[in-house]
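Please open the model in your viewer and keep the sequence beside it, so that each selection can be found in both. The tour moves from one selection to the next, with a short account of what is there.

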Amino acid sequence: MAVKTLLVEDDDRIRAALRLALGEEGFEVIEASDVVEGLAAYERERPDVLLVDIMLGNSDGRDLIREVRTRSQVPIIITSARGDTTDVVAGLEAGADDYVVKPIVVKELAARIRAVRRR
């Protein structure tokens, strides 16, 4: 059975590329482009793992992470172009389980998804 993965990413091109690449790795990908869509998709789909960008247009992915953490311990991986230590620490302290800096290597991301699911 495919791992149901909620991808919250505001860049259409990145979202489409990740959906296709993760699909080829055997993941079922559900998409959202902002915090509001992400929360709605989380409630509707109950995914096995979340991939959340930090910079989501006018909103912050950490807000989504904090809200999901009030409801669940579902594994969450941040995917962000922001890779300095301050951002990584803030993301992990918001409740993320892992942090991947863009550009993303899909094989590595797939391995990280499988790793957080094992925990």
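Select arginine 46 to begin, and note that its relative accessible area is 44%, which lies between the 20% and 50% limits, so this residue counts as partly exposed. Bear in mind from here on that the model is a predicted one. Arginine 46 sits in the loop that joins helix 2 to strand 3 (49-52), and its phi is near 45°, a positive value in a residue that is not glycine.

Proline 103 belongs to the loop between strand 7 (98-101) and helix 5 (106-118). As background to these two stops, most residues other than glycine have a negative phi, and most peptide bonds are trans.

Next, show helix 2 (residues 35-45) and helix 3 (residues 61-69) together; they pack at an angle of about 25°, and their axes are 9 Å apart. Because angles under 35 degrees count as roughly parallel, these two helices are described as roughly parallel to each other, and their crossing is right-handed. Which residues meet here? On the side of helix 2 they are Val35, Gly38, Leu39 and Tyr42, and on the side of helix 3 they are Leu64, Glu67 and Val68. Sorted by kind, the residues of this contact are five nonpolar, one polar and one charged.

Keep valine 68 selected and look around it: leaving aside neighbours within four places in sequence, valine 68 is in contact with Leu39, Tyr42, Leu50, Val74 and Ile76.

Move on to isoleucine 76, which is placed in strand 6 (residues 76-80). Is this residue buried or exposed? Its relative accessibility is 0%, so isoleucine 76 counts as buried. Beyond its neighbours within four places in sequence, isoleucine 76 has contacts that include Leu50, Val52, Ile65 and Val68, as well as Arg69 and Asp97. If you also mark alanine 111, which is 35 residues away along the chain, you will find its C-alpha atom 14 Å from that of isoleucine 76.

Finally, select Leu6, Leu50, Val68 and Ile76, the residues with the most contacts inside the largest nonpolar core, which has 21 residues. Strand 1 (4-8), strand 2 (28-32), helix 2, strand 3, helix 3 and strand 6 each supply at least two residues of this core, and the largest share, four residues, comes from helix 2. Apart from this core lies another, of 17 residues, among them Leu18, Phe27, Leu51 and Ala110.

Key
Residues numbered from 1 in each chain as written. Predicted model: local features only at pLDDT ≥ 70, side-chain atom pairs only at ≥ 80, totals over all residues. Heavy atoms only, no water. Axes fitted to C-alpha atoms, helices over the stretch in contact; angles between N-to-C directions. Parallel < 35°, antiparallel > 145°, perpendicular 65-115°, else oblique. Left-handed = near helix turned anticlockwise from the far one by under 90°. Contact = heavy atoms within 4.5 Å. Nonpolar A, V, L, I, M, F, W, Y, C, P; charged D, E, K, R; others polar. Buried < 20%, exposed > 50% of the residue type's maximum accessible area, 1.4 Å probe, protein only. Core = buried A, V, L, I, M, F, W, Y, C linked by side-chain atoms within 4.5 Å.
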